[in-house]
Amino acid sequence: MRLTYQPERLRRVSDPRDFGRVAVLFGGDSSEREISLLSGNAVLEALKSRGVDAHAFDPRDEDLSELIAGGFDRVWIALHGPGGEDGTLQGALEYLGVPYTGSGVMGSAIGMDKLRTKRLALALGVPTADFVVLTGPADFELTIERLKLPLIVKPATQGSSVGMTKVERAADLAAAFAAARQLEPLVFAEPWIPGKEYTVALLQGEALPSIRIETPKTFYDYEAKYFRDDTRYFCPSGLAASAEAHLRNLALAAFEAVGACGWGRADFMMDAAGRPLLLEINTIPGMTSHSLVPMAAREVGIDFPELAWRVLETSFTRVPAHPAAARP
Ligand SMILES: Nc1ncnc2c1ncn2[C@@H]1O[C@H](COP(=O)(O)OP(=O)(O)O)[C@@H](O)[C@H]1O
Ligand SMILES: [Mg+2]
């Protein structure tokens, strides 16, 4: 059994029974497990409140083959980070023939990698900050010469601001590199952009109103994201209509560039000239009640249960390649 991606098969569902038996995948074993538990529980409750036959499924504790044994018709993936958001799970589900929400194997895998996302974005005309790949101390001098200080060092495939450091003095680059390198081999630097931060949620091929994020911390790090109550969010973000339309188009183009689909989020920093620069895309962004995608959805009258429902609808684009072989 194999699935194909057929975007034209996306459909609006009005009867919860049309979804069949649904597994909400959350938990997992990535460093973002705690956030996934929050997202997954919120989605599970939301789907149940709308009459969907939804059940919790933690891939850390249960083998994916249980999805078949359990007679599940589709899954809502609420896992963040490697092993859930990076295409590997999506590949397993393709092989099992279980339709799933959101991006496929390729979009998920590329979206997980900020460096490859930037390269593709550039190739397609979506502006993103300049960058230098850091392989070791031999790269430090050139990096500072080219990007100037301050700059930011990032591991390519971590989420939730893990392993990222702002570097203000040349002497601190080595420690920042070591911190990122400890997490993964692929590390890069980009110039520090002092401007405002925006994020755009995407749902079923459309961009939702942008959100502006303000934090009193140096940047929007793990703590600011999940634990502080002084991080401020503005939606509508305050952009003029033309700038808002431009930003939304860039978000759609960024998604297109990496082959992501269904739903997600694109993060941007605005440079001094008012030009939005793509930071990254998220193919399975947070879905807690305080998360950004639900915030943007609310702005256009889509409440949390409706959002969880619409995301579930995206699973209809995953269709068995050989319908005759479909399970009864
Ligand atoms: N080049 C940059 N200049 C200034 N701030 C940045 C830059 N890159 C990232 N940040 C800050 O760090 C946060 C996390 O970066 P991001 O690339 O979105 O990674 P992730 O959200 O996966 O951790 C951003 O939300 C932003 O606040
Ligand atoms: Mg981000």
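I began with K148, which is exposed, with a relative accessible area of 51%. I use exposed for over 50% relative accessible area, buried for under 20% and partly exposed for in between, with a 1.4 Å probe and protein chains only. The model is predicted: local features need pLDDT of at least 70, side-chain atom pairs count only at pLDDT 80 or more, and totals for chains, interfaces and linings use all residues. Residues are numbered from 1 along each chain as its sequence is written, chains are lettered from A and ligands numbered from 1 in the order in which they are written, and side-chain values use heavy atoms, without hydrogens and water.

I placed K148 in the loop between α6 and β6. Helices (H or I, at least four residues) and strands (E, at least two) are DSSP runs, numbered from the N terminus. Phi of K148 is positive, near 65 degrees, and K148 is not a glycine. I then checked P150, in the loop between α6 and β6. The peptide bond from L149 to P150 is cis, with omega near -5 degrees. Most residues other than glycine have a negative phi, and most peptide bonds are trans.

**Helix α6**

Which residues of α6 are buried? I found F140, T143, I144 and L147 in this helix, residues 140-147. Seen down the axis, they fall within an arc of 95 degrees, so they line one face of α6. The arc is taken from the directions from the helix axis to the C-beta atoms. On the other side, E141, L142 and E145 are exposed. I looked up what the buried residues pack against: β5 (132-134), β6 (151-155), α7 (173-181) and β8 (187-191). Contact here means heavy atoms within 4.5 Å.

**Ligand 1**

I counted 20 residues around ligand 1; S161, I193, E197, K225 and E280 come nearest. A residue is near if one of its heavy atoms lies within 4 Å. β6, β8, β13 (263-270) and β14 (276-282) each supply at least two residues of this shell. I also looked at oxygen atoms of ligand 1 beside side-chain N or O atoms. One such pair, with K154, is 2.8 Å apart. With K114 the distance is 2.9 Å, and with D267 it is 3.4 Å. The protein covers 98% of the 540 Å² of accessible area that ligand 1 has on its own. That area comes from the Shrake-Rupley method with a 1.4 Å probe.

**Elsewhere**

I noted a cis peptide bond from C235 to P236, with omega near 5 degrees. P236 is in the loop between β12 (232-234) and α9 (241-258).

Methods
A polar contact is a pair of N or O atoms within 3.5 Å; within protein, one must be able to donate a hydrogen and the other to accept it, and residues adjacent in sequence count only if both atoms are side-chain atoms.
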